[in-house]
Amino acid sequence: MTAAAQSLNIIGLAREVYKGSPTTLCAGCGHNSITNHLIKALYEYGVPPHRLAKMSGIGCSSKTPAYFVDRAHGFNGLHGRMPSAATGAKLANRELMVLGISGDGDTASIGLGQYCHMIRRNVDMTYIVENNGVYGLTKGQFSATADVGSTLKHGGSNAYTTIDVCGLAIELGATFVARSFSGDGKQLVPLLEAAFAHRGTAILDVISPCVTFNDHEGSTKSYAYVKEHDVLVNAPDFIPAGKEIVVDYEPGTVQDVELDDGSHLLLRKLERDYDATDRLGALRTIHESRTRGELVTGLLFVSGDEPDLCERERMPARPLRNFAEGDLRLDRATFAKIAGGA
Amino acid sequence: MGNKAVNDFTIRVATVNGSGSQSSNLVLTNAIFRLGVPVAPKNVFPSNIEGLPTWYDIRATARGYRCRTRTIDLLVALNTATWTQDVASVRSGGAIVHESTYPVAGLTQRDDITYYAVPFTELAKTHVKDGAMRKYLTNMIYVGVLAELLRIPESTIEAALGAQFKSKPKAAAANLEAVRVGSAYAREHLPPLENIAIEPMAGATDGLFFIDGNRAAALGCLMGGCTVSAWYPITPASSLCESFIALCEKYRVDPETGERKYAIVQAEDELAAVGMIIGAGWAGARAMTATSGPGISLMAEYVGYASFAEIPAVIFDVQRVGPSTGLPTRTMQGDLSFTYSLGHGDTKHPVLLPGTVDELYEDGMAALDLAERMQCPVFVLSDLDLGMNSWLTKPFAYPEKPFDRGKILRAEDLSAHPDWGRYRDVDGDGIPYRTLPGTDHPAAGYFTRGTGHDEEAKYSENPEVWQRNLDRLARKHETARTLVPQPLLEETGSAIGILAYGSTHHAVVEARDLLREAGLETDYLRVRALPLAAEVAAFVDRHETVYVVEQNRDGQLFGILRNELLPEQIARLRSLRHYNGVPIDASAIVDPVLESRRELAHAGGARS
Ligand SMILES: Cc1ncc(C[n+]2csc(CCOP(=O)(O)OP(=O)(O)O)c2C)c(N)n1
Ligand code: SF4
Ligand SMILES: [Mg+2]
């Protein structure tokens with residue numbers, strides 16, 4: 001094998017293809033790291049660029065789809081309203097691989113309604129919340145994911161309870177919920193790939209420090225805070241479909257999660273009893289860790305057998321957008337019966 | 001005591017809603033239709049499930065008028081709460097069939113009308129044994145009374161009942177018995193009706209059928225290839241989506257696999273609904289939503305976005321009376337200027353203005369074509385009168401043309417034009433080319449955004465780029481002028497013109513006949529869409545005075561005309577508005593036009 005051939009992924013594309021325009025975000029912004037991890041995951045997973053639909057709302061985070069996979073179609077929509085457009089795109093063409101990028105303001109404040117209903121419908125897509133606890137783009141106001149008591153850079157402390165987008169998602173019946181940290185590629189990349197493989201809405205809450213407005217002492221979404229308070233419930237390893245699974249962990253400490261496309265997510269258990277298929281247990285873990293001031297990361301919950309929106313709606317495999325006159329119009333006799341001609 | 005009205009009268013049934021009178025009214029309507037007499041039903045109902053006053057007008061009209069009449073000829077009074085006002089609505093020489101316990105005294109005692117007291121409650125008690133059915137069957141008793149008074153043959157009523165209770169022959173039989181109770185009572189106790197009569201006609205209703213506008217629009221969407229729909233329930237638009245669901249369930253499901261060639265989502269609100277259809281339009285499916293004014297308000301941000309990002313979407317606005325909840329079960333043409341420019345910044349959308357159920361069907365298809373051809377949201381403005389009432393119409397035409405999918409570049413096209421630009425005006429009509437996500441070509445992708453962008457869809461804050469793009473969008477809007485449905489003209493060379501749109505049309509038709517009888521010939525232009533076709537200005541040029549008739553307080557079309565016409569053209573316009581929530585009638589046009597003629601003559605006379 002030549003060196004050049006080695007750097008192609010399973011569909012024969014170079015990593016370059018997964019890159020986008022240069023970022024215009026602040027240097028050191030957590031969102032940039034997530035973009036890089038996404039490029040790696042999309043490349044490794046072998047996502048065909050033309051099948052990728054990059055959807056986003058509004059915010060620094062929502063700008064990032066311009067910074068990866070230039071070849072793919074992007075849809076930078078309205079603040080908080082990306083889930084509806086993503087839902088429509090998936091209904092029109094279910095062959096698309098829909099990837100939604102949002103922020104904590106975009107998801108937990110203005111977009112909370114659409115976020116909840118996307119989860120209820122189990123729209124088949126990956127939904128990433130690039131969570132920095134503030135509104136970056138509008139210069140540092142609190143978002144609804146800010147922790148009680150955390151402070152703003154220029155003074156002011158958050159008095160209101162926090163919305164935990166993972167806990168909420170699990171409560172709403174989400175079928176894949178993970179949390180990670182923008183600085184932890186080792187954990188995030190396999191989780192992203194597992195999210196791509198999942199059928200249904202895969203929620204990834206990625207803590208992503210805003211170095212400009214929320215990286216100071218007193219912030220609970222800063223690099224320093226996350227490094228200190230991160231508690232991993234499991235450490236993932238993603239094995240694509242068709243590859244042999246070689247378990248090199250000690251038996252009894254690994255949870256093997258088979259994903260919808262036949263690939264596997266191996267979770268090295270760090271917390272003894274953590275079972276990522278137990279909805280109530282996941283909620284308890286999230287809640288308890290928050291009371292302890294900890295940030296629990298890893299695959300928090302997964303359930304494989306729920307039908308997604310397209311299945312519930314009994315849609316054909318053929319994308320709806322490909323149906324033509326002959327498929328959709330009534331024939332003359334049937335038409336005449338209901339339109340007055342018979 | 002008034003003239004004899006043959007095949008030219010209105011029956012009003014005044015009752016409370018929830019009393020189950022709908023079937024009775026439909027049976028009466030259908031029976032008159034079966035005698036070959038054109039009939040126009042109108043339901044004026046409250047925003048309530050049970051207990052508030054509701055009126056159902058059935059207009060028999062040999063000349064085929066479709067609009068409401070202001071006064072009525074024959075009242076069926078079954079609501080004590082509105083008894084006084086209902087009596088007042090009957091024309092001199094008319095008649096009233098009423099529950100015999102209602103007092104005929106004071107205001108309700110008129111000597112120019114005939115009263116037919118019928119002990120409905122008692123008849124029902126003695127003749128309808130089934131308590132659960134009594135409410136419905138009591139209403140069939142008045143059908144029997146009217147059938148006898150109007151001399152509608154029992155066989156015709158029976159046929160109408162058969163059509164109404166198609167799948168329930170037992171119900172049809174029970175109802176027929178109730179009808180007979182009424183007709184027997186009338187035969188024995190009531191004197192014949194003198195001034196109102198039905199005579200069977202030939203030829204006037206041949207081939208016509210009844211359909212409500214919402215179902216007609218849904219049928220247009222079905223035949224126009226709409227595959228994705230998202231909606232949030234709201235009167236009077238709900239039944240448009242519900243009709244679309246029903247049609248899809250019946251005709252778009254594979255009988256073997258159960259697979260559906262459509263996806264319809266009941267969204268969490270109207271902004272989500274429009275977001276879904278915009279996402280679907282972006283990804284290449286034909287998609288529509290239907291709502292009313294309050295929903296349009298919520299959709300504003302996404303509609304502005306879709307206009308600027310150039311994404312097809314079809315939005316039906318079945319208008320009701322606003323602002324806010326207003327009168328949700330009454331009708332208005334209140335959203336014309338709002339929908340035309342919905343969004344912030346320099347935004348304008350094509351707005352189709354169907355005036356008949358047939359046009360609603362046609363515009364459903366046309367809007368789906370136009371949205372893809374123009375790559376933008378297209379509104380179809382219906383209203384409660386058009387959408388929820390049953391209209392007698394000629395059969396709809398089977399579509400002969402293929403879908404117009406507009407300027408879409410496929411992978412094979414891209415190999416010839418790898419340097420294509422998403423927002424480049426190649427053809428000079430302002431309409432660029434687009435690719436659909438999923439197109440397997442390295443040059444297919446582009447970034448759709450609501451932010452400033454150049455011809456290549458790249459982010460730009462450059463003032464020249466911004467202005468160039470806005471100018472192109474203005475060019476595109478000019479192209480729309482020629483692509484939208486064109487105005488309909490009826491001209492005989494009169495100096496006086498009438499200009500109207502939408503459901504107001506039906507009142508204009510009758511008003512023009514009445515004006516002609518009063519010695520005033522008028523020409524007529526019906527606007528079928530915004531942006532206005534060039535023909536509108538030319539029509540104004542050809543007339544000394546043009547009456548702009550519409551159903552809103554502020555004269556919204558009048559306002560748009562004032563924006564777009566020249567000062568000397570504007571000087572010829574007179575705005576006539578009707579805005580009380582019930583559909584416009586002919587006298588709302590005839591009276592002010594005649595008044596205005598008198599004023600103009602007086603002013604002219606004073607000058608000379
Ligand atoms: C309807 C609407 N309201 C307000 C704004 C202004 N706005 C832009 S981004 C933003 C907050 C973004 O916060 P978040 O989603 O957390 O993204 P971040 O910038 O932090 O990544 C707001 C309020 C807008 N674009 N649209
Ligand atoms: S303001 Fe914050 S969130 Fe926005 S780009 Fe800068 S660091 Fe990132
Ligand atoms: Mg944020």
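## The site around ligand 1

A residue is near a molecule if one of its heavy atoms lies within 4 Å of it. In this predicted model, 18 residues surround ligand 1, and the closest are Cys60(A), Ser61(A), Gly105(A), Asp106(A) and Gly136(A). Because the residues that surround ligand 1 come from chains A and B, the site is shared between chains.

By class, the shell around ligand 1 is made up of nine polar, six nonpolar and three charged residues.

## Polar contacts and cover

Two or more residues of the shell are given by each of helix H3 (60–63), helix H5 (104–108) and strand E5 (134–135) of chain A, with H5(A) providing the largest share, three residues.

## Packing of two helices in chain A

Helix H4 (residues 82–92) of chain A packs against helix H6 (residues 112–121) of chain A at an angle of about 35 degrees, and their axes are 8 Å apart. On the side of H4(A), the contact is made by Met82(A), Pro83(A) and Ser84(A), while H6(A) contributes Gln114(A), Tyr115(A) and Met118(A). By class, this contact of H4(A) with H6(A) has four nonpolar and two polar residues, and no charged residues.

Methods
Residues are numbered from 1 along each chain as its sequence is written. Chains are lettered from A and ligands numbered from 1 in the order in which they are written. This is a predicted model: local features need pLDDT of at least 70, side-chain atom pairs count only at pLDDT 80 or more; totals for chains, interfaces and linings use all residues. Side-chain values use heavy atoms; hydrogens and water are left out. Helices (H or I, at least four residues) and strands (E, at least two) are DSSP runs, numbered from the N terminus. Ala, Val, Leu, Ile, Met, Phe, Trp, Tyr, Cys and Pro count as nonpolar, Asp, Glu, Lys and Arg as charged, and the others, Gly among them, as polar. Axes are lines fitted to C-alpha atoms, for helices over the stretch in contact, and angles run from 0 to 180 degrees between N-to-C directions. Contact means heavy atoms within 4.5 Å.
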